[in-house]
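Have the sequence and the model in view as we go.

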Amino acid sequence: MYEPMLITLTVNREEHEVKVWPTDTLADVLREKLGLTGTKIMCNEGECGSCTILIDGKPTLSCLTLAIECEGKDILTIEGLADPETGELHPIQKAFVERSGMQCGICTPGMLLTAKALLDKTRSPTEDEVRDALAGNLCRCGNYKRITECVLAAARMMQEGT
Amino acid sequence: MDAVEYFTPRTMEEACSLLSQYKEQAKVIAGGTDLLVWMKHGEILPKYIINIRDIPNEGYIVYDDKVGLSIGALATIHSIEAASLIQEKFNILAQAASKLGTGQIRNQATIAGNLCNASPSAELAPALIVLGAKVRILGTAGERVVLIEDFFTGPGQTVLKPNEILVEIQVPNLLPRSGGVYIKHTIRKAMDLAIVGVGIMITVDRDILSNVRIALGAVAPTPIRARKAEKILTGKRLEDDLLEKAALIASEESSPISDVRSSADYRKKMVKVLVARAIKQAAEQVQAG
């Protein structure tokens, strides 16, 4: 009855077979069973957004998602954001590097993925739209102004195709 | 979190029969944004988890001229805020949905979860109450339909029996010349529970108010209607004195507690302010057509 179950997770376009308990969260499985420690766990109760990953393109809290219910879903973590062929950084990553979008860096993976989902949907968001979209990602360093600027810069880069 | 046995029923009926088998030892999970927090804190330790999130075709949002709006239990909060049909015809519901939690939470959380977890500050409750919405409940013995204002019985408590599942939300059509407003009073714009939530629905014909509905969240053990205040306004012309009086009465009808977000006294004062403000906005909405 109480046995881990073997499931297949599709993470960053790769399939992984992994044994999970029904109550294992996706955040824990990503970090501890798949070694993808780019996903950060901070509050571990859905308040801070640090563990945000994309499931089928939508920002989702991996600390409040059971791994077992993610079979057949397309999971993207920070490790899969750069171009898988060339390793070239995504424009959002470039913008964060060039403009110092991170301070301590714990909120950064979640910020980037939430921002990616926004830019996939809204090509040239306003500053307000960026702030609204990132409202669920807390930065304890208080670097919001630069983070917002980075996302706007990334949007410009993506439009110019650089 | 402790070991549990995990089920993935393929239909709501199957979920119901599992619930009737395991009753209080089982918990239904859909979005998981409340349940998993409680489980991590050890506040709820189910032995059985019944995951209904992936039951097909239960997240629908459909509209029928005669019947009105029907929303499947598993519709996410985001799908409700983003549905153009709801934005156009039932805007107050889209407003309330857009104020819940954060983008991430709205992608995960479901309408039925928001109602069944029965927080006094449940975001969708005041809007659905003033819309006159009902919930369709499935049990092993059959179905029943309950008005949402009768659905909540206390903090975290509803009329649902251990073997029942909320499967659909039904929202009747609005009367012509009606306006609805939901105001959520918070300190932060995101990821904050309401200090006070106010839902208003009114009909205004030749300056006379009818079908006045005032619902208040986070100021009583359940979301409530301010019926005395509604009565005072009904059949009257909307004038400042009367509005002031009605808003005061609504505030007296509330019975808030003091907690980390606000004192009871402040909540009462804000009920008065926000009821008046929301009614004015709703009247402006009707005037603007």
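Q: What makes strand E13 (residues 208-217) of chain B and E14(B) a pair, and in which sense do they run?
A: First, a word of care: this is a predicted model. Two strands count as paired if at least two bridges are found between them. E13(B) and E14(B) have two bridges, in the antiparallel sense, so by the cut-off of at least two bridges they are a pair. You can find the place by looking for Leu216(B), which stands opposite Ile224(B) in E14(B).

Q: Why are strand E4 (61-64) and strand E7 (142-147) of chain B said to stand at the edges?
A: They belong to an open sheet of five strands in the order E4-E5-E10-E6-E7 (chain B), where the pairing is antiparallel. E4(B) and E7(B) each have a single partner strand, so one side of each is left without a neighbour in the sheet. From one strand to the next, the twist averages 25 degrees.

Q: How do you know that strand E6 (residues 134-139) of chain B and strand E10 (residues 165-171) of chain B pair?
A: Count the bridges: there are five, in the antiparallel sense, and the cut-off asks for at least two. Leu138(B) stands opposite Ile165(B) in E10(B). Helix H1 (residues 12-22) of chain B packs on this sheet and touches E6 and E10 of chain B. The direction of H1(B) makes about 135 degrees with that of E10(B).

Q: In which sense, parallel or antiparallel, do E1(B) and E3(B) pair?
A: E1(B) and E3(B) pair in the parallel sense, over three bridges, with Phe7(B) opposite Ile50(B) in E3(B). Strand E2 (residues 26-29) of chain B also runs parallel to E3(B), and four bridges join them. There, Ala26(B) stands opposite Tyr48(B) in E3(B).

Q: What makes H2(A) and H3(A) oblique to each other?
A: The axes of helix H2 (residues 91-98) of chain A and helix H3 (residues 108-121) of chain A come within 10 Å and cross at roughly 130 degrees. With roughly perpendicular ending at 115 degrees and roughly antiparallel starting over 145, H2(A) and H3(A) are therefore oblique. H2(A) passes H3(A) in a right-handed crossing. Ile92(A), Gln93(A) and Phe96(A) in H2(A) meet residues of H3(A) including Leu112(A), Ala115(A) and Leu119(A).

Q: How many residues of domain 1 of chain A and domain 2 of chain A are in contact?
A: The domain assignment gives domain 1 (5-80) and domain 2 (91-160) in chain A, and their C-alpha centres are 21 Å apart. The contact takes 16 residues from domain 1 of chain A and 13 residues from domain 2 of chain A.

Q: Which element of chain B supplies the largest share of the side that touches chain A?
A: The contact takes 23 residues from chain B and 24 residues from chain A. H6(B) gives the largest share of the chain B side, with five residues. That side has 10 nonpolar, eight polar and five charged residues.

Note on methods
Residues numbered from 1 in each chain as written. Chains lettered and ligands numbered in written order. Predicted model: local features only at pLDDT ≥ 70, side-chain atom pairs only at ≥ 80, totals over all residues. Contact = placed C-beta atoms within 7 Å. Nonpolar A, V, L, I, M, F, W, Y, C, P; charged D, E, K, R; others polar. Axes fitted to C-alpha atoms, helices over the stretch in contact; angles between N-to-C directions. Parallel < 35°, antiparallel > 145°, perpendicular 65-115°, else oblique. Left-handed = near helix turned anticlockwise from the far one by under 90°. Domains from an automatic or database assignment.
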